[in-house]
Amino acid sequence: MEEEAEKLKELQNEVEKQMNMSPPPGNAGPVIMSLEEKMEADARSIYVGNVDYGATAEELEAHFHGCGSVNRVTILCDKYSGHPKGFAYIEFSDKESVRTSMALDESLFRGRQIKVIPKRTNRPGISTTDRGFPRARYRGRGGGYSATRARFYSGYSRPRGRAYR
């Protein structure tokens, strides 16, 4: 039993040595980019909307091949179901290709009229969903806007109970 444990340790050490010696093949790990690098890559990228759900990255690359050299095609998918969301990003080698690709706006791709615009850079800390006030997490039984608030804000209140004349 001890011999087997020693053999396993030796094998583990060999594997660790090999992992440390050789770099991972291809793009195995996530590429960490600085904000400037991201902005530069976004300046060379376009957003393609209304993309057919069955489209592949190769088909999109072929459609935009005449605009310039394509570095990367990213088709965004839903993280729960894995189905495509219907839009993609295409990164070119140079910025001039972005201007050239604008000519393909409203062109037909797999029977659908696609939308092509330059990709915008998301700045950290700025959210399009943050409106500056906290949302109500809990609603009472009334569902939403209560009658007492409506009376308070409207300035008009009808008398409670029976009205005597």
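Which residues form a negative surface patch?

**View 1. The negative surface patch and the setting of E4.** In this predicted model, E2, E3, E4, E6, E10 and E14 together make up a negative surface patch. One of these residues, E4, has its place in helix α1, which covers residues 2–21. E4 is classed as exposed because its relative accessibility is 58%, and the cut-off for that class is over 50%.

View 2. E59 belongs to helix α3, made of residues 57–63, and, with a relative accessible area of 31%, it is partly exposed. When its neighbours within four places in sequence are left aside, E59 is in contact with G54, F109 and R110.

View 3. R110, which is in contact with E59, is located in the loop that runs between β4 and β5 (112–113). The phi of R110 is positive, near 55 degrees, in a residue other than glycine, and with a relative accessible area of 40% R110 is partly exposed. Most residues other than glycine have a negative phi.

View 4. E106 is found in the loop between α4 (96–101) and β4 (108–109). Although E106 is not a glycine, its phi is positive, at about 65 degrees. E106 counts as exposed because its relative accessibility is 54%, where exposed means over 50%.

Terms used
Residues are numbered from 1 along each chain as its sequence is written. This is a predicted model: local features need pLDDT of at least 70, side-chain atom pairs count only at pLDDT 80 or more; totals for chains, interfaces and linings use all residues. Side-chain values use heavy atoms; hydrogens and water are left out. Patches are made of residues with over 30% relative accessible area and no salt bridge: like charges are joined within 9 Å, nonpolar side chains (Val, Leu, Ile, Met, Phe, Trp, Tyr) within 5 Å. Accessible areas come from the Shrake-Rupley method with a 1.4 Å probe; for residues, only the protein chains shown count as cover. A salt bridge is a side-chain nitrogen of Lys or Arg within 4 Å of a carboxyl oxygen of Asp or Glu. Lys and Arg count as positive and Asp and Glu as negative; His and the chain ends are not counted. The place of a charge is taken as NZ of Lys, CZ of Arg, CG of Asp or CD of Glu. Helices (H or I, at least four residues) and strands (E, at least two) are DSSP runs, numbered from the N terminus. Buried means under 20% relative accessible area, exposed over 50%, partly exposed in between (1.4 Å probe, protein chains only). Contact means heavy atoms within 4.5 Å.
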